[in-house]
Amino acid sequence: MAFVEISPPPRQRSGAGGPRLGIQPGYGSDEPGVLVERVIAGEAGAKAGLKDGDRIIEIAKKPVKDIEEYMTFKAAQKKGSSLPITVMRGKNRVNLEAKLD
């Protein structure tokens, strides 16, 4: 009997093919918006000025209540488009502009 090793297909990044902001969102928060747990260096979010700990509360001037709305709003955008993002940074409201990858 001989065994043959089979390699799994290459993993695709989540959201493959769609626009990316380059953040790791937080899940399970009771507060409105989406917590930015980690900003990936060199990606659109970092270039726009997003920081770890920011809470995204608006995308394209529309309120973001939770991760599902965030994903829906982001998916509706086109790669290369500019996206207005409003975050809460501590107690300050900060407006940013990201060019999606």
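In this predicted model, the buried residues of helix 2 are Ile-67, Tyr-70, Phe-73 and Lys-74. They lie on the same side of helix 2, because the arc they cover around the axis is only 125°. An α-helix has 3.6 residues a turn, so residues three or four places apart point the same way. The cover over the buried residues of helix 2 includes strand 1 (23-25), strand 2, strand 3 and strand 4 (62-63). On the face turned away from the buried side, helix 2 carries the exposed residues Thr-72 and Ala-75.

**Overall architecture**

- The protein contains two helices and six strands, arranged from the N terminus in the order β-β-α-β-β-α-β-β.
- Of the 101 residues in the protein, 34% are buried.
- The accessible surface comes to about 7000 Å², and carbon and sulfur atoms account for 52% of this surface.
- Among contacts between residues at least 6 apart in sequence, 46% link residues at least 24 apart.

**Confidence**

- The average pLDDT of the protein is 86, and 83% of the residues score at least 70.
- Residues 10-15 have a pLDDT below 50, and this stretch makes two contacts in the model beyond near neighbours in sequence.

**Nonpolar core**

- The largest nonpolar core has 21 residues, of which Leu-21, Ile-23, Leu-50, Ile-56 and Tyr-70 touch the most other members.
- At least two residues of this core come from each of strand 2 (34-39), helix 1 (44-48), strand 3, helix 2 (67-75), strand 5 and strand 6.
- In soluble globular proteins, nonpolar side chains tend to be buried together.
- Leaving aside residues up to four places away in sequence, Leu-21 touches Glu-43, Ala-44, Gly-45, Leu-50, Ile-56, Tyr-70, Lys-74, Ile-85, Ala-98 and Leu-100.

**Arg-55 in strand 3**

- Arg-55 belongs to strand 3, which spans residues 55-59.
- With a relative accessibility of 11%, Arg-55 falls under the 20% limit and therefore counts as buried.
- Beyond residues up to four places away in sequence, the contacts of Arg-55 are Ser-29, Glu-31, Pro-32, Gly-33, Val-34, Leu-35, Thr-86, Val-87 and Met-88.

**The loop between strand 3 and strand 4**

- Most residues other than glycine have a negative phi.
- Ala-60, located in the loop between strand 3 and strand 4, has a positive phi near 55°.
- Lys-61, in the loop between strand 3 and strand 4, also takes a positive phi, near 65°.
- Ala-60 is partly exposed at 29% relative accessibility, whereas Lys-61 is exposed with a relative accessible area of 68%.

- Strand 5 (residues 82-89) pairs with strand 6 (residues 92-99) in the antiparallel sense, over eight bridges.
- Within this pairing, Pro-84 has Glu-97 of strand 6 as its bridge partner.
- Two residues lie between the strands of the hairpin, where Gly-90 has a positive phi near 70°.
- Asn-92 is part of strand 6 and counts as exposed because its relative accessibility is 52%.
- Asn-92 and Asp-54 are 38 residues apart along the chain, and their C-alpha atoms are separated by 10.0 Å.

Key. Residues are numbered from 1 along each chain as its sequence is written. This is a predicted model: local features need pLDDT of at least 70, side-chain atom pairs count only at pLDDT 80 or more; totals for chains, interfaces and linings use all residues. Side-chain values use heavy atoms; hydrogens and water are left out. Helices (H or I, at least four residues) and strands (E, at least two) are DSSP runs, numbered from the N terminus. Buried means under 20% relative accessible area, exposed over 50%, partly exposed in between (1.4 Å probe, protein chains only). Contact means heavy atoms within 4.5 Å. Two strands pair if DSSP finds at least two bridges between them. A nonpolar core is a set of buried Ala, Val, Leu, Ile, Met, Phe, Trp, Tyr and Cys residues joined through side-chain atoms within 4.5 Å. pLDDT is the predictor's confidence in each residue, from 0 to 100. Accessible areas come from the Shrake-Rupley method with a 1.4 Å probe; for residues, only the protein chains shown count as cover. The arc is that of the directions from the helix axis to the C-beta atoms.
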